[in-house]
Amino acid sequence: MDAARLVEDFRHGDFLLATDTSTLLASGIGAEIVDTDEDALTDRVTRILRDRDHRGPSTDDEADIRTAVGVLPFDAASSTPARMVVPATLRSAGPPHPGAGRLERLDVPTPSAIRAVPSEDAHMSAVATAVTELAVRDLRKVVLARALDVEFTEPVPTEAIAGNLVRDNRHGYVFAAGLPGERVLVGASPELLVSRHGRQVVSHPHAGSMPRSADPEVDAANARRLLSSKKDRVEHAVLTEAVAETLRPFCSRLDVPDEPRLERTPTMWHLGTRITGELADPDVTALRLAAALHPTPAICGTPTSSARELVRELEPFDRGYYAGTVGWVNADGDGEWAVSIRCADTGAKHLRMYAGGGIVPDSDPRAELDETSAKFATLARAMGLDTSE
Ligand SMILES: C=C(O[C@H]1C=CC=C(C(=O)O)[C@@H]1O)C(=O)O
């Protein structure tokens, strides 16, 4: 199967996940599981997939599909439900690149309006409040996000945005997932929450950021600055420790590198740590691991519950599926889940794109605002809006 073809075949409402190793396109609904209780959802999905598995091969192609795809929201305690689908058809192929590099760039109409939510000044003042509250509430880190509301006079071309994201991003996780209410979550995340293949477990948390630059000298200097930034190292260490701590009880072996590495997307430099482990109990599925890990301090903070509380107080919106997780699980329990960042929630003629950043005691409001602006560039480029480069 040609991976670039799958990307071209993607239609609004389908599920597309294009990674460094594979391209997955799921269409139609064989079974839909929507639940605000993540444990209940995980159990239901596991039961459905195992039932299908035990039934053995059937004459019906649809009944043979033993994979579920979907999204978990940022806040499991909110009214936003997790949604998983066992599709009617499932096609997979190898990685989208290099073939997708030859895909034609698709036109996205110019928006009729773009509005910052909250305003840039309000975001900076929320960051300043967060810095103060870290000490008051004994938090090590909190992640604050802002949004851009984008209006169009015609339907949002999700297909074009997804296609351009695949074309632009040679690495990472490009996704487009159907949401309740005919909406779609579309984006290109650099960050793997967790994958499980047999007993092999991998998580690749990212935190600590600097923008890329078209000037090679500035670009290299930004990378060096990130690697030696004490503030970013703290932001990253808090994350890695939390991910390792959550995975450890599930694993008979866990390797956590001492030092983060530089990771690059076309628009951002990040610090990343690739954590690998061996699963102790083969009954623990990728979806179960994703639900256990989520929300990590890459998108929420530490300790989790007080960080989430501060996020609810300081952000003027419900994050919905931004900073959730998007991926798949199969009847063997294997799967792959990306952190849903650098993304937009698209409606009929409107989309909301999000970007956030980790706040630690040394954070500066202006720098945090600039970091979120740089993160918006991933989607802005795919929409032809860009950019500073
Ligand atoms: C929360 C986001 O990014 C996370 C992932 C990488 C680096 C991050 C940072 O440096 O703050 C964030 O933790 C986002 O893009 O909205």
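Three strands make up an open sheet in the order 13-16-15, with antiparallel pairing; strands are DSSP runs of E with at least two residues, helices are runs of H or I with at least four, and both are numbered from the N terminus. Two strands count as paired if DSSP finds at least two bridges between them. The model is predicted: local features need pLDDT of at least 70 and side-chain atom pairs count only at pLDDT 80 or more, whereas totals for chains, interfaces and linings use all residues. Residues are numbered from 1 along each chain as its sequence is written.

- Strand 13 (206–211) and strand 15 (261–264) are the edge strands, each pairing on one side only.
- From one strand to the next, the twist averages 30°; angles run from 0 to 180 degrees between N-to-C directions, and axes are lines fitted to C-alpha atoms, for helices over the stretch in contact.
- Strand 13 and strand 16 (residues 268–272) run antiparallel and are joined by four bridges.
- Met210 has Trp269 of strand 16 as its bridge partner.
- Helix 5 (residues 216–228) lies across strand 13, strand 15 and strand 16, and runs at about 145° to strand 13.

**Ligand shell**

- The ligand is surrounded by 18 residues, the closest being Ser209, Ile341, Gly356, Gly357 and Gly358; a residue is near a molecule if its C-beta atom, placed from the backbone, lies within 6 Å of it.
- At least two residues of this shell come from each of strand 8 (141–151), strand 13 and strand 22 (350–359).
- The most is given by strand 22, with five residues.
- The shell comprises eight nonpolar, seven polar and three charged residues, where Ala, Val, Leu, Ile, Met, Phe, Trp, Tyr, Cys and Pro count as nonpolar, Asp, Glu, Lys and Arg as charged, and the others, Gly among them, as polar.

**Helix 2 and helix 7**

- The axes of helix 2 (residues 38–55) and helix 7 (residues 286–293) come within 10 Å and cross at roughly 170°.
- Helix 2 is therefore roughly antiparallel to helix 7, a term for angles over 145 degrees.
- Glu38, Thr42 and Val45 of helix 2 make the contact with Leu287, Arg288 and Ala291 of helix 7; contact requires C-beta atoms, placed from the backbone, within 7 Å.
- Three nonpolar, one polar and two charged residues form this contact.

**Annotated domain**

- UniProt, in an unreviewed entry, places the feature "domain: Chorismate-utilising enzyme C-terminal" at residues 120–375; such annotations may be inferred rather than shown by experiment.
- Residues 120–375 are 35% helix and 34% strand, and their end C-alpha atoms lie 14 Å apart.

Technical notes. Contact = placed C-beta atoms within 7 Å. Parallel < 35°, antiparallel > 145°, perpendicular 65-115°, else oblique.
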